[in-house]
Amino acid sequence: MPSMPGLLATLTEKSFGHRASIAAIEQISPNFRRVDLRVEPLKSGWKAGQDIQFRIDDNTFRHYSVMAVDDTGTAISVLFHQGVDGPGSRWAAALSVGDDVIALGMNTPAPKYRGDRHLYLGDGSAVGVIHGLAATQNANGTASGAVEVPAEDREALAGLLPGIDVLPAEPVPGTAVAEWIEATASTEARYDAASLFGHAQSIQRQRRILLDRTELSKKSITTKPYWATGKVGL
Ligand SMILES: Cc1cc2nc3c(=O)[nH]c(=O)nc-3n(C[C@H](O)[C@H](O)[C@H](O)COP(=O)(O)OP(=O)(O)OC[C@H]3O[C@@H](n4cnc5c(N)ncnc54)[C@H](O)[C@@H]3O)c2cc1C
């Protein structure tokens, strides 16, 4: 629901909204900003890797991902990939410590991932979700994969993504990850399941390569588009 009439937006906010305030902000690299929020508890509990939405103006919402949750369940972090010319990115860039915001969260079960050997693929928009999910996965099994980000952010982000190769993005989105799969995916690289996040057109290409080059079945590959060329606010 990226955009809707103001009254409907207010009703949506009242149904799913939780009061939150910005507790801390850290510019972790040139294009990535981590924002920590104190937030009202979600009935089913906030979970690392779950979707969250913010109302960024009267009519507009944008989706983000919970990157981490503290032990009390009332402090969450979101990692914003900056530099996109859009209202969500401008809203995130303008946030300051002490600001009050509304966070929309659904009471959904924790994401279930089949198998221990999980492959994660993504881009800058997916660093937060992959950090959240792979941290849980690594407690029980082995998470691996690749994420493409601007070259100047690689070093800072590598520490957030253990087990994941952090690649320098090329001018055409998806190219670095597609080349990585082609270079590494063979019958020797065995995975039980895969999750593909980020640029819509790129994850379709990645899915095709995985189906062609690995033993992964259609059912074992989950795709979640976060943005698409020529579209606003997925
Ligand atoms: C479920 C879900 C979870 C998400 N989680 C995160 C998250 O944790 N962190 C995060 O930073 N983003 C996340 N996103 C993406 C986020 O919702 C926005 O797409 C992003 O902030 C850009 O919004 P915008 O309003 O600035 O740009 P828009 O108005 O949506 O788009 C403006 C233009 O920029 C292009 N564009 C959009 N995103 C990108 C990009 N990443 N790179 C290059 N061009 C782009 C669009 O194609 C469009 O042409 C998530 C999206 C979804 C659906």
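A salt bridge, as the term is used in these legends, is a side-chain nitrogen of Lys or Arg within 4 Å of a carboxyl oxygen of Asp or Glu. The views come from a predicted model, in which local features need pLDDT of at least 70 and side-chain atom pairs count only at pLDDT 80 or more, while totals for chains, interfaces and linings use all residues. Residues are numbered from 1 along each chain as its sequence is written, and side-chain values use heavy atoms, with hydrogens and water left out.

**View A. A salt bridge joins Lys224 and Asp51.** The side chains of these two residues meet at 3.2 Å, taken from N to O. Lys224 belongs to strand S12 (residues 221-227) and Asp51 to strand S3 (residues 51-55), so that the pair links distant parts of the chain, 173 residues apart; strands (E, at least two residues) and helices (H or I, at least four) are DSSP runs, numbered from the N terminus. Lys224 counts as partly exposed at 30% relative accessibility, and Asp51 counts as partly exposed at 34%, where buried means under 20% relative accessible area, exposed over 50%, and partly exposed in between (1.4 Å probe, protein chains only).

**View B. Two further salt bridges are formed by Arg34 with Asp36 and by Asp212 with Arg208.** Side chains of opposite charge can pair when their charged atoms come close. Arg34 and Asp36 meet at 3.1 Å, N to O; Arg34 is partly exposed at 23% relative accessibility, and Asp36 is partly exposed with a relative accessible area of 23%. Asp212 and Arg208 meet at 3.3 Å, N to O, and because they are four residues apart in helix H6, they are separated by about one helical turn. Asp212 counts as exposed at 53% relative accessibility, whereas Arg208 counts as partly exposed at 46%. A search of the whole structure finds eight salt bridges.

**View C. Helices H5 and H6 run roughly parallel to each other.** The axes of H5 (residues 175-184) and H6 (residues 200-213) come within 10 Å and cross at roughly 5 degrees. Axes are lines fitted to C-alpha atoms, for helices over the stretch in contact, and angles run from 0 to 180 degrees between N-to-C directions; angles under 35 degrees count as roughly parallel, over 145 as roughly antiparallel, 65 to 115 as roughly perpendicular and the rest as oblique. The contact between H5 and H6 is made by Thr175, Val177, Ala178, Ile181 and Glu182 of H5 and by Arg205, Gln206, Ile209, Leu210 and Arg213 of H6, where contact means heavy atoms within 4.5 Å.

**View D. Ser21 is a buried residue of strand S1.** Strand S1 spans residues 17-29, and Ser21 has a relative accessibility of 16%. When its neighbours within four places in sequence are left aside, Ser21 is in contact with Asp36, Leu37, Arg38, Asp99 and Asp100. The C-alpha atoms of Ser21 and Ala75 are separated by 9.7 Å, although these residues are 54 residues apart along the chain.

**View E. Gly132 is a buried residue of helix H3.** Helix H3 covers residues 127-140, and the relative accessible area of Gly132 is 3%. Leaving aside its neighbours within four places in sequence, Gly132 is in contact with Ala48, Gly49 and Met67.
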